[in-house]
Amino acid sequence: MTAVGGMWLVRRLVASVAIIVAVVTFVFILIHAAPGKPCAGQPGEAADPVVCEQLIRQFALDRPLYEQYWRYLVALAHGDFGYSFSLHRPVRDALAETIPFTLQLAGAALLLDFVLGLGLGIYQAGRVNRLPDVIIGNATLFIYSLPTFWLALLLLLVFGEKLGWFPVGGPNDPIFCPVIDSAYCLFDRLWHLVLPAATLGLVGAAGTARFQRAAMLEVASQDYVRTARAKGVPERRVVLRHQLRNALLSFITRFGLAFPFLLTGAVLIETIFAWPGMGRLAFDAILARDYALVTATALIASVVVVAGNLLADILLGIADPRLRVRGGGELENVTA
Amino acid sequence: MPRRAPFQVLVILAVVTLAGCERRGGCTGAYCGTLINAAVAEPPTLLPPSSENVVVGDIGEQLFLKLADVGMSTNTIGDEDFQPLLAQRWEWDGPLTLVFHLDPRARWQDGQPVTAADVEFTFNAYTDSAVGSPFRPKLRRIASVTQRDASTAVFRFHERYPEMFYDAVYHMRILPAHLLRAVPRDQWKTAPFGRQPVGDGPYRFVSWQAAQSLELVADSTFFLGRPPIRRLIWRFTPNLQVAVQQVIADQADVREQLVTPDNVERARAAKQLTIYPFRGNVYTYLGFNLRANGDTSKPNPIFADRDVRRALSMAVDRASLVKSTLGDLGKVPPGPMSSLLGIWDPEIRQLPYDTAQAARILNAHGWRDHDGDGIRDKNGQPLAFHILVPTTSVLRRQYARLLQEQFRAIGVQTDIDELEFSVVNERLSSGKFDTSVLSRGNDPSPGSGITQTWTRAGFGGSNFGRYYNAEFERVVDLAIAAPTRERARALWKAAMETINADAPGIFLYALENVAAVHSRFDNVQIRPDSWAALLRTWRIPPDRLIDRDRVER
């Protein structure tokens with residue numbers, strides 16, 4: 001890495017940390033300012049004032065907001081995410097249990113999104129305006145416009161309840177595989193992962209396919225592609241070597257954008273599919289006004305999104321020699 | 001050898017691997033069996049005094065015994081209908097003293113005997129403000145609990161009343177003093193014991209995978225008899241529809257409340273399920289705020305007028321609403337009560353559905369449509385208000401819309417505020433609402449619930465609308481103190497007729513519960529106040545065992 005590249009990376013890292021701190025601050029203020037109390041109890045049930053008072057004192061929720069924020073930052077600097085008063089346990093423990101599940105779900109969805117989306121986009125680009133392209137184009141548009149929760153409920157109803165091909169919710173079979181301790185249980189986990197990952201991944205794949213098709217077509221009219229064909233290079237090689245490689249820039253950009261989509265989608269999907277991930281944890285925490293847990297999940301989510309985008313920018317720089325770093329620390333298209 | 005594509009090789013490898021991983025099974029006989037309950041909530045802790053959460057109660061039934069428990073009749077007056085559990089027998093030692101003799105066979109699951117010291121310790125913990133138990137107010141009439149000897153516990157009461165025995169046994173699950181004494185009381189909610197409890201009930205705690213499932217296994221040495229079902233699993237599914245789907249798809253065995261007619265129909269259509277209706281413990285009403293919105297020191301300009309409340313009540317066709325939304329799963333309550341309560345009586349006098357009479361009353365009170373816009377008004381103020389409803393309840397939101405239509409028909413304008421439940425609760429607690437569609441759950445005693453919601457004792461608590469009628473409270477007090485069940489019923493009827501005439505709310509529906517249970521289970525007994533209370537008696541005949549019943553771990 002060049003000195004300029006190193007400087008760019010340092011600047012991006014500093015900016016990333018600033019963004020994360022801003023997100024945490026914003027979420028911290030927002031959740032504290034939101035109406036509703038952390039000890040609200042069930043709808044229509046009056047919270048016991050004694051219990052409520054105890055909780056407020058125990059977690060110093062009666063202190064000024066700036067003081068609570070300062071305490072939170074100091075604790076965070078020591079690696080302490082605080083205590084969840086809705087779960088009655090340290091936030092760190094709750095996160096440690098749920099993050100792996102969200103990574104499994106998001107990873108599987110990402111894989112499906114890009115493998116299927118990329119494949120369909122390339123296939124369509126090779127058959128522009130022919131019947132397969134029209135059919136796939138309409139199908140991807142249909143899937144892309146579906147509300148995720150509706151698709152989730154539909155898949156559950158058809159493949160879970162009616163056909164019984166896949167499990168209805170949960171990450172594993174609670175009888176035979178409460179933990180993954182065998183190959184059978186590994187397959188059981190994958191089997192349970194199919195519907196939630198398909199819900200998230202299919203919608204993403206539909207979008208990726210449309211992006212990729214457009215990128216491939218844009219590149220197809222470039223001189224170097226025409227030249228390759230004129231030289232008699234086999235079509236497969238033209239597509240994969242010349243066209244796809246140059247069309248990957250939009251794919252990498254989409255990779256960076258996929259993280260926020262996956263994390264926000266996970267909140268809904270994990271709740272519907274009873275998947276014990278961080279999204280469901282965050283959703284429950286918001287309803288319970290569990291301040292420490294909400295802020296911690298927002299922190300983790302912002303780290304993942306910022307890291308994903310940073311990675312995408314680095315990959316862009318590597319993938320496209322035309323993109324170079326100038327002294328100011330911005331990625332620049334030197335041909336523009 | 002022919003060359004195979006990598007994908008084909010992978011598929012063959014997967015099939016071979018799976019074939020080598022056959023499911024472990026083998027249990028046969030009368031004490032096998034697994035029950036998976038599709039639960040829609042997860043307990044925050046399993047330490048009984050720390051939470052009133054329904055699932056904590058369901059699991060608590062299996063882990064921690066009470067001294068005695070109500071019977072299938074759910075009669076809470078006197079002690080004749082109660083079933084002994086930890087207490088082998090009991091006797092009255094004077095009008096205010098109740099003596100329990102513990103069963104000498106009772107043991108904690110670590111081998112220690114259950115003693116009167118545990119009973120004394122339990123009472124002290126439940127009533128300690130540092131523990132912050134939601135059951136504490138229900139024990140306020142018990143003066144003390146002491147141990148006479150290792151197997152004799154003595155309860156002393158402040159006063160004599162018909163539900164003394166009920167109060168002594170129903171709210172407390174006896175706790176192991178030797179395991180909890182060292183835990184500071186203000187840390188009980190977070191105590192490790194709450195996530196890995198040691199009980200004295202028919203089942204032992206095995207494991208708890210957060211947000212996934214919780215497993216209990218039958219205690220083969222349980223002193224009241226080994227439970228026939230060997231393993232109980234609570235599978236936590238935050239969405240009711242998905243929980244119902246799990247039962248229909250044969251991936252769970254029990255869903256104790258199906259809630260909607262559609263779910264009941266789907267469950268009926270599933271061949272492997274049997275449907276068990278039982279009395280519900282919830283009623284729902286449109287509560288009027290009798291004080292000004294946001295200022296409890298002033299009367300509400302609309303709802304402080306008893307006649308206007310009566311007119312609004314008469315404008316709602318409760319029977320049709322129940323029929324159209326709940327079918328057989330709901331009934332119109334004859335007052336603020338669920339069908340669980342023994343005081344339910346269709347003969348209780350209620351306001352009729354009579355829109356003509358409602359219109360006459362409103363006209364007589366000056367609420368007329370003076371400007372011809374279809375909305376009644378008086379002194380320039382329209383007869384308009386907001387209905388507050390939590391987004392979490394589909395049924396209540398649906399009801400809010402139906403009420404809106406019915407009120408519109410008599411010239412009353414309503415706006416619906418659908419808000420998140422913590423915001424709804426904050427508004428209710430601070431009196432910042434006009435009306436709200438509220439649900440109340442009852443325990444089997446009418447005394448506690450009605451007092452908390454409809455008397456001055458509930459000001460600042462669950463009496464959000466701040467309803468007060470001295471005559472109603474007098475009759476309620478008499479009913480609570482009534483010496484016989486018949487006398488209590490008569491007094492409760494009088495109290496209900498008083499509150500119905502006052503119309504502090506419109507009592508919309510009382511849910512009837514319907515449980516779906518896998519048909520292989522036999523001797524399924526569901527006690528209306530706690531569906532899981534008698535799980536220890538359910539069984540699976542050996543010839544009906546399926547794969548998940550036989551599994552050995």
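## The nonpolar core

The largest nonpolar core has 224 residues, and the members touching the most others are Leu105(A), Leu262(A), Ile174(B), Val247(B) and Ala495(B). This is a predicted model. In soluble globular proteins, nonpolar side chains tend to be buried together.

Take Ile174(B), one of those five. Beyond its neighbours within four places in sequence, Ile174(B) contacts Phe64(B), Leu65(B), Lys66(B), Leu67(B), Leu86(B), Val114(B), Asp118(B), Val119(B) and Thr122(B).

## Chain A and its helix pair

Chain A has 336 residues, and 37% of them count as buried. Eleven helices and four strands make up its secondary structure elements. The C-alpha trace of chain A spans about 85 × 60 × 40 Å along its principal axes. Among its contacts between residues at least 6 apart in sequence, 69% join residues at least 24 apart.

Two helices of chain A, α4 (residues 91-125) and α9 (residues 235-272), pack with their axes 9 Å apart. The angle between them is about 145 degrees. Their crossing is right-handed. From α4(A) come Thr102(A), Leu105(A), Ala106(A), Ala109(A), Leu110(A), Asp113(A), Leu118(A) and Ile122(A). They meet Val239(A), Leu244(A), Phe251(A), Ala258(A), Leu262(A), Ala266(A) and Glu270(A) of α9(A). By class, this contact has twelve nonpolar, one polar and two charged residues. Leu105(A) and Leu262(A), both named above for the core, sit in this contact on α4(A) and α9(A) respectively.

## Where chain B touches chain A

The contact draws 50 residues from chain B and 41 residues from chain A. On the chain B side, the elements giving two or more residues are α1 (6-19), β1 (34-39), β8 (203-209), β10 (231-236), α6 (240-248), α12 (421-430) and β21 (435-441). Of these, α12(B) gives the most, with seven residues. The chain B side divides into 19 nonpolar, 24 polar and seven charged residues.

An α-helix has 3.6 residues a turn, so residues three or four places apart point the same way. Two helices of chain B can be read with that in mind.

In helix α9 (residues 318-326) of chain B, the buried residues are Arg318(B), Leu321(B), Val322(B) and Leu326(B). These lie on the same side of α9(B), because they cover an arc of only 95 degrees around the axis. The face turned away from that side carries the exposed residues Ala319(B) and Ser324(B). Cover for the buried residues of α9(B) includes α7 (261-269), β16 (330-331), α11 (394-409) and β22 (505-511) of chain B. After α9(B) comes Gly327(B), with a positive phi near 60 degrees.

In helix α14 (residues 470-480) of chain B, the buried residues are Phe472(B), Val475(B), Val476(B), Ala479(B) and Ile480(B). Seen down the axis, they fall within an arc of 140 degrees, so they line one face of α14(B). Exposed Ala470(B) and Glu471(B) are on the face turned away from the buried side. The buried residues of α14(B) pack against α13 (446-454) and α15 (485-502) of chain B.

## An exposed glutamate

Glu552(B) lies in the segment after α16 (547-550) of chain B. Glu552(B) counts as exposed because it has 10 C-beta neighbours inside 10 Å; the cut-off for exposed is 12 or fewer. Asp443(B) is 109 residues away along the chain, and the C-alpha atoms of Glu552(B) and Asp443(B) are separated by 38 Å.

How values were computed. Residues are numbered from 1 along each chain as its sequence is written. Chains are lettered from A and ligands numbered from 1 in the order in which they are written. This is a predicted model: local features need pLDDT of at least 70, side-chain atom pairs count only at pLDDT 80 or more; totals for chains, interfaces and linings use all residues. A nonpolar core is a set of buried Ala, Val, Leu, Ile, Met, Phe, Trp, Tyr and Cys residues joined through C-beta atoms within 7 Å. A residue is buried if 20 or more other C-beta atoms lie within 10 Å of its own, exposed if 12 or fewer, and partly exposed in between; C-beta atoms are placed from the backbone. Two residues are in contact if their C-beta atoms, placed from the backbone, lie within 7 Å. Axes are lines fitted to C-alpha atoms, for helices over the stretch in contact, and angles run from 0 to 180 degrees between N-to-C directions. A crossing is left-handed if the near helix is turned anticlockwise from the far one by less than a right angle, and right-handed if clockwise. Ala, Val, Leu, Ile, Met, Phe, Trp, Tyr, Cys and Pro count as nonpolar, Asp, Glu, Lys and Arg as charged, and the others, Gly among them, as polar. The arc is that of the directions from the helix axis to the C-beta atoms.
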